[in-house]
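Please keep the model open while reading.

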Amino acid sequence: MSDYELFIGNKNYSSWSLRPWIALKHKDIPFRETLVPFDFENGNPEFAAFSPTGKVPVLKDGNLTIWDSLAILEYLADCFPDKGLWPQDKAQRAWARSISAEMHSGFSALRSECSMNMQRPAAPKPVSEAVKNDVTRIVTIWKECLEASGGPFLFGDFTIADAMYAPVVSRLETYQLSSDPVVRKYSEAMTATPAWKIWEEAALRETWVVDTE
C-alpha cells in the first residue's frame, strides 16, 4: 500500500498546494500532510530538503518524488483509475486535460495581480485589462463545461479540472472579479465540499503573513 506524503505551503496563500490537496481529500485518498510555510519573496530554504525545484507542492510515494501540481494529479490518476480523477469518456478527458493545461500555463495576469489570500476581506480591486481578459476566458470555460455536463462540477463529478480551477474560485470571490451567475453557481458547488471547508478553516487560522495587496 502506498504511503503518500504531500508537502504544501501556507494554506492561506498557496494556490498550487490547494490543487493536489483538494483532489486527494475529495477523492478520499489517504495521505499525510506536511506544511512548510513560505513567503513570496524568498520562498523557504527548508524546501530544498524535499523539493527538487525549491517549490511546493511535492508528493512523496515511498522513494518516489513527484513535483508540480499537475504532474502530481496525473500520477494520482494513474494510481487510482477507479477514482474518476479524469472523465471516463475519451473526448471529455481530452477537454478536461486541455483546460487543466490552460490553467497550468496561462492566466499570468490574474496570478500576478490577484494572489490567493483567503484571509483578505472580500472587496473589489482595480485590475488591468489583462486580468479582465483572463476572467472572461475563465468564465467562458466554466460556462461551456457546465452547460455540457449539467454540473455541479465542470465535467459532472469532481475531476482534476476542478482541482486546477479551485484557487480561482477563491480569487474571484476575494477580489469581486465577476458577477456572472455561472461563477456563483460553480463557486457554491466548490465551497460546499467538505474538502474546501477543511482547507479554508485551516487557512483562516494561520498566523503567517505575506505582504499582498
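S3 and S4 form an antiparallel pair with four bridges between them. In this predicted model, Lys60 has Thr65 of S4 as its bridge partner. Two residues separate the strands of this hairpin. Gly62 has a positive phi there, near 65 degrees.

S1, residues 4-8, pairs with S2 in the parallel sense, also over four bridges. Across this pairing, Leu6 faces Glu33 of S2.

| Strand pair | Sense | Bridges | Residues opposite each other |
|---|---|---|---|
| S1 and S2 | parallel | four bridges | Leu6 and Glu33 |

What is the order of the strands in the open sheet? The four strands run S2-S1-S3-S4, and the pairing is mixed. S2 (32-35) and S4 (64-67) have a single partner strand each, so they stand at the edges and one side of each lacks a neighbour in the sheet. On average, neighbouring strands are turned by 20 degrees against each other, direction ignored. As a general point, side chains in a regular strand alternate between the two faces of the sheet.

A helix also meets this sheet. H2, residues 69-79, lies across S1, S3 (58-61) and S4. Its direction makes an angle of about 130 degrees with S4.

H3 spans residues 90-105, and H5 spans residues 129-149. Their axes are 12 Å apart, at an angle of about 165 degrees. Angles over 145 degrees count as roughly antiparallel, and H3 and H5 are therefore roughly antiparallel to each other. Their crossing is left-handed. On the H3 side, Trp95, Ile99, Glu102 and Met103 make the contact. H5 contributes Arg137, Ile138, Ile141, Glu144, Cys145 and Ala148. By class, the contact residues are seven nonpolar and three charged, with no polar ones.

Now the whole chain. It has eight helices and four strands. From the N terminus on, the elements follow the order β-α-β-β-β-α-α-α-α-α-α-α. The C-alpha trace spans about 45 × 45 × 30 Å along its principal axes. How does the radius of gyration agree with that of a compact globule? For 213 residues, such a globule would have a value near 17 Å. The chain has 17 Å, which agrees.

How values were computed: Residues are numbered from 1 along each chain as its sequence is written. This is a predicted model: local features need pLDDT of at least 70, side-chain atom pairs count only at pLDDT 80 or more; totals for chains, interfaces and linings use all residues. Side-chain values use heavy atoms; hydrogens and water are left out. Two strands pair if DSSP finds at least two bridges between them. Axes are lines fitted to C-alpha atoms, for helices over the stretch in contact, and angles run from 0 to 180 degrees between N-to-C directions. Contact means heavy atoms within 4.5 Å. Angles under 35 degrees count as roughly parallel, over 145 as roughly antiparallel, 65 to 115 as roughly perpendicular and the rest as oblique. A crossing is left-handed if the near helix is turned anticlockwise from the far one by less than a right angle, and right-handed if clockwise. Ala, Val, Leu, Ile, Met, Phe, Trp, Tyr, Cys and Pro count as nonpolar, Asp, Glu, Lys and Arg as charged, and the others, Gly among them, as polar. The radius of gyration is taken over C-alpha atoms; the globule rule is 2.2 Å times the number of residues to the power 0.38.
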